[in-house]
Amino acid sequence: MSSEPRPDTTWPRPFRPRLSARMGYLLHALMAANAVYRRLAALVERRPRLYRWFTAGERASKEALFGCRMCGQCELPATGYTCPMTCPKQLRNGPCGGVSADGRCEVHPGLRCVWLIAYERAEASGRGADLDLLHRPVDHRERGRSSWVNYWQGRDDGLWTAFTDTDPYPALNGAGAQEKGLTPR
């Protein structure tokens, strides 16, 4: 009999992305918000069936590539294209205190901590500073909605902000992300 407790299978499992961070950043550049995508997003939203199909396509592609949990407020560009929602505790601002010295997840000891994976991927892509951004808590009302549509419509502006010594509780207005050249995905 094993001395380690069995993980709760209802908790998310840390996911190692199948697409490199560099490729993620390149694809992000291709999908950057612009007038064409804004019009496409508006069209998709006006047609419920089209919105369901579009969202299903987003879900299938992002789930296969990044383990996406469809929170509707995508953090991938700020986390080395590693989905923080695959953290069993769904932490959006870094690892918990339970990650082992060798990088194993506290809840799923056979897997590496999703935040260590994010750190390694962001550093390898020259985007380690992105992990210094503070992330707004997830708005569960957006769960299952298209983060692409939200991004193109500008609804997720302010997902990230910089922490400053002068203001330990900065307004979540996206200024930190803009200063770092990071546009919320």
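Reader: Why does Q90 count as partly exposed?

Author: Its relative accessibility is 25%. Buried means under 20% relative accessible area, exposed means over 50%, and partly exposed is in between, using a 1.4 Å probe and protein chains only. At 25%, Q90 therefore lands in the middle class. One caution: this is a predicted model, where local features need pLDDT of at least 70, side-chain atom pairs count only at pLDDT 80 or more, and totals for chains, interfaces and linings use all residues. Residues are numbered from 1 along each chain as its sequence is written, and side-chain values use heavy atoms, leaving out hydrogens and water.

Reader: And what makes M70 buried?

Author: M70 has a relative accessible area of 2%, so it falls under the buried cut-off.

Reader: What is the phi of M70?

Author: It's positive, about 55°, although M70 is not a glycine. Q90 also isn't a glycine, and its phi is near 55°. M70 is in the loop between α3 (48-66) and α4 (114-124), and Q90 is found in the loop between α3 and α4 too. Helices here are DSSP runs (H or I, at least four residues), numbered from the N terminus.

Reader: What makes up the largest nonpolar core?

Author: There are 11 residues: L19, A21, Y25, F66, C71, C74, L76, Y81, C83, M85 and V138. It's called a nonpolar core because the term covers a set of buried Ala, Val, Leu, Ile, Met, Phe, Trp, Tyr and Cys residues joined through side-chain atoms within 4.5 Å. Another core lies apart from it, with 8 residues, among them A41, W148, V149 and W152. In soluble globular proteins, nonpolar side chains tend to be buried together.

Reader: Which residues does M85 touch?

Author: Skipping residues up to four places away in sequence, M85 touches P12, R69, C71, Q90, R92 and V138. Contact means heavy atoms within 4.5 Å.

Reader: How many cavities of 30 Å³ or more are there?

Author: The search of the whole structure finds 2. A cavity is a set of points, on a 1 Å grid over the protein atoms alone, where a 1.4 Å probe fits but cannot get out, and lining residues have an atom within 4 Å of a point.

Reader: How much space lies in the second largest cavity?

Author: About 80 Å³. It has 15 lining residues, and C68, C71, C74, E75 and C83 are the closest to its centre.

How values were computed: 1 Å grid on protein atoms, 1.4 Å probe; cavity = no way out; pocket = protein on both sides within 12 Å on 5 of 7 lines; lining within 4 Å. Points joined across faces, edges and corners; volume = space filled by probe spheres on them. Helix = DSSP H or I, 4+ residues; strand = E, 2+ residues; numbered from the N terminus.
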